Amino acid sequence: MTKRYKAPRGTTDVLPEDQPYWDRVWEASARICGLFGYRRIETPVFEDASLFSRGVGEVTDIVQKEMYVFEDRGGQQLALRPEGTAPVCRAYLEHGMHNLPQPVRLWYWCPIFRYDRPQAGRYRQHTQLGCEAIGEADASVDAEVIELLFRLYEDLGLQGLTLHLNSIGDGECRPRYLEALRGYYADKLEQVCNDCKERYQRNPLRLLDCKQERCQPVIAAAPPFTDHLCDACADHFSRLRAYLEEVEIEYVVNPRLVRGLDYYTRAVFEFQPQAEGAQSTVGAGGRYDGLIEQLGGRPTPGTGFATGIERIILNLKRQEVAVDAPVRPRVFVAFQTAEARSQAFRLASGLRREGIAAVVAAGERSLKAQMRHADSLGADYAAIIGKRELEHGTATLRRLSDGHQETLPLADVATIMTH
Ligand code: ATP
Ligand code: MG
């Protein structure tokens, strides 16, 4: 028996029926990024693997558990892109974008690869829209990227998203906070899961991010970072909040919010849908003032977000948001006899050159079968070339909604369509 192939686990085919959702999100993304002055960048699907271990952090789930790493035939260690920010920062450095007026505002739309546990809205290949504003530390830029993402969801008609906001400090106040957090956890290690015992040692901030039931009461009573911020971080955070209020964007401060990537500093945020598990964040981001330096550049601040297109579409469908119907042919050209075939072929070609979407029948099917095909494609009209039409240089044009039909010269078919 030959093997029956299936798409690899955790990947999906986006079929034609689904494309209107993708078109809708793409169109809104490009338009709104443009409105905010962001310019599009594309980076390769794979990068030097160490870009991510250095950039995202060695002790993160993404690098330790989720990254697709492979050696190419030249012995290079490469990784399929597991996130979009480090590659954009790599490109910023590689192309000397620090010489441009700052901040440099960039957006991307690209496939992301993570060895995640597949389930609804969680795949091993998914697509992210992301924005990065690199080269400016002011809180107004954090507010700007948050507003951009907010306007996108608003434009798409997504309901019930809550913006969660937190600050996770910087090199000055984070060590102090981690000490406080460790101190708090020290006598609770018996109560928490094994992963948390390890986090306690290696990456204590992630203790707050644990999804295990048994760890929740411990997390709930943990000291909030917002009580431990240094003056500069506290000021940055309050200015961000003021900017958001300025443009009437509602948020909740969530002191448990931390992010899975090590490069984040100061403000971090997530948009979460209502009444769903913690696994369903639609979009998230934050400030990453240390990242460019970690990648070998001069100290350069940055902030941005990424949002998963599949999760946006999942929510659009759940909320029954209407999108445009798939592209349909305006005319289906059918023929009755083999002799009329080339006439039909020519008519379809002529229609398309006039900008009218036309699909021509193929094969040796009966006229009845051809008309069924026209219906299933959702064509508006069928142009039928029978024996008599072939002789007279005409076509019979049938409106498929009500069966109304008339016979007219071939040259008039396009004219009728465009009037
Ligand atoms: P999660 O906690 O759900 O794993 P994350 O923190 O790993 O999310 P980010 O790295 O912030 O996610 O990625 C940005 C966005 O990309 C997420 O908010 C989500 O919409 C989407 N996303 C992340 N991982 C996946 C995945 N495996 N499948 C589909 N979409 C994803
Ligand atoms: Mg994840």
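Biologist: Which residues of helix 13 are buried, and what does that word mean?

Modeller: In helix 13, residues 367-377, the buried ones are Ala369, Gln370, Met371 and Ala374. Buried means under 20% relative accessible area, exposed means over 50%, and partly exposed is in between, with a 1.4 Å probe and protein chains only as cover. An α-helix has 3.6 residues a turn, so residues three or four places apart point the same way.

Biologist: Where do these values come from?

Modeller: This is a predicted model, in which local features need pLDDT of at least 70 and side-chain atom pairs count only at pLDDT 80 or more, while totals for chains, interfaces and linings use all residues. Residues are numbered from 1 along each chain as its sequence is written, chains are lettered from A and ligands numbered from 1 in the order in which they are written, and side-chain values use heavy atoms, leaving out hydrogens and water.

Biologist: Why is Thr43 called buried?

Modeller: Its relative accessible area is 16%, so Thr43 falls under the cut-off for buried. Thr43 sits in the loop between strand 1 (39-40) and strand 2 (46-48). Setting aside residues up to four places away in sequence, Thr43 touches Arg81, Pro87, Val88, Arg90 and Ala91; touching, or contact, means heavy atoms within 4.5 Å.

Biologist: How do you know that the side chains of Thr43 and Arg81 are joined by a polar contact?

Modeller: The distance is 3.1 Å. A polar contact is a pair of N or O atoms within 3.5 Å; within protein, one must be able to donate a hydrogen and the other to accept it, and residues adjacent in sequence count only if both atoms are side-chain atoms. The Thr43 pair therefore qualifies.

Biologist: Why does Glu47 count as buried?

Modeller: Glu47 has 7% relative accessibility, so the label is buried. Glu47 lies in strand 2, and its side chain makes a polar contact of 2.7 Å with the side chain of Arg90.

Biologist: What joins Gln102 and Pro103?

Modeller: A cis peptide bond, with omega about 0°. Pro103 is in the loop between helix 4 (85-94) and strand 5 (104-113). With a relative accessible area of 14%, Pro103 is therefore buried.

Biologist: Is Glu248 buried or exposed?

Modeller: Exposed, because its relative accessibility is 70%. Glu248 is in the loop between helix 9 (231-246) and strand 8 (252-253), and its phi is positive, near 55°, in a residue other than glycine. Arg266 also has a positive phi near 55°, but lies in strand 9 (residues 265-273). At 13% relative accessible area, Arg266 is buried.

Biologist: What makes a set of residues a nonpolar core?

Modeller: The members are buried Ala, Val, Leu, Ile, Met, Phe, Trp, Tyr and Cys residues joined through side-chain atoms within 4.5 Å. The largest such core has 97 residues, of which Tyr38, Tyr185, Leu240, Leu244, Phe269 and Ile312 touch the most other members. Helix 5 (residues 139-156) gives the most to this core, with 10 residues. A second, separate core has 28 residues, including Ala344, Leu347, Ala358 and Leu400.

Biologist: Which residues surround ligand 1?

Modeller: There are 16, and the closest are Arg114, Asp116, Arg122, Arg259 and Val282; a residue counts as near if one of its heavy atoms lies within 4 Å. Strand 6 (125-134), strand 10 (283-287) and strand 11 (302-308) each supply at least two residues of this shell.

Biologist: How do you know that Arg122 reaches an oxygen atom of ligand 1?

Modeller: A polar side-chain atom of Arg122 is 2.8 Å from that oxygen, so the pair is within the polar cut-off. The side chain of Arg311 has an N or O atom 3.0 Å from an oxygen atom of ligand 1. For His126, an N or O atom of the side chain is 3.3 Å from a nitrogen atom of ligand 1.

Conventions
Helix = DSSP H or I, 4+ residues; strand = E, 2+ residues; numbered from the N terminus.
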